[in-house]
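Hi,

Here is the structure I said I would pass on. Have a look, and my notes follow below.

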Amino acid sequence: MLINADLGTEEDLVKELKKIPNVTEVHVVYGVYDIIAKVEADTMEKVKETITWHIRRLEKVRSTLTMIVVEG
């Protein structure tokens, strides 16, 4: 998941994201997006719930782009 954060809030947002269940990796990146987060769960419903109800509702999140991996 690619995340745009409010300017200057990247490090705070990384700390918040790491506390969310099913978020397995979080990294600050340079470019169009500010943060990349990996979300893993047993079901797609849990992934959707994590993204919709936990990540996208964080105050410092400006926008997101979700990419679902179908093959590893």
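The buried residues of helix 2 pack against strand 1, helix 1, strand 2, strand 3 and strand 4, where buried means under 20% relative accessible area, exposed over 50% and partly exposed in between (1.4 Å probe, protein chains only). Helices (H or I, at least four residues) and strands (E, at least two) are DSSP runs, numbered from the N terminus. This is a predicted model, so local features need pLDDT of at least 70 and side-chain atom pairs count only at pLDDT 80 or more, while totals for chains, interfaces and linings use all residues. Residues are numbered from 1 along each chain as its sequence is written, and side-chain values use heavy atoms, with hydrogens and water left out.

The buried set in helix 2 is Val 47, Thr 50, Ile 51 and Ile 55. Seen down the helix axis, they fall within an arc of 90 degrees (taken from the directions from the axis to the C-beta atoms), so they line one face. Glu 45, Lys 48 and Trp 53 are exposed on the other side.

Ile 55 also turns up in the largest nonpolar core, among the residues with the most contacts inside it. That core has 17 residues (buried Ala, Val, Leu, Ile, Met, Phe, Trp, Tyr and Cys joined through side-chain atoms within 4.5 Å).

Then there's Lys 60, in the loop between helix 2 and strand 4 (61-65). Lys 60 is partly exposed, at 23% relative accessible area. Its side chain makes a polar contact of 2.9 Å with that of Glu 16 (N or O atoms within 3.5 Å; within protein, one able to donate a hydrogen and the other to accept it, with sequence-adjacent residues counting only if both atoms are side-chain atoms).

Cheers

Notes:
Contact means heavy atoms within 4.5 Å.
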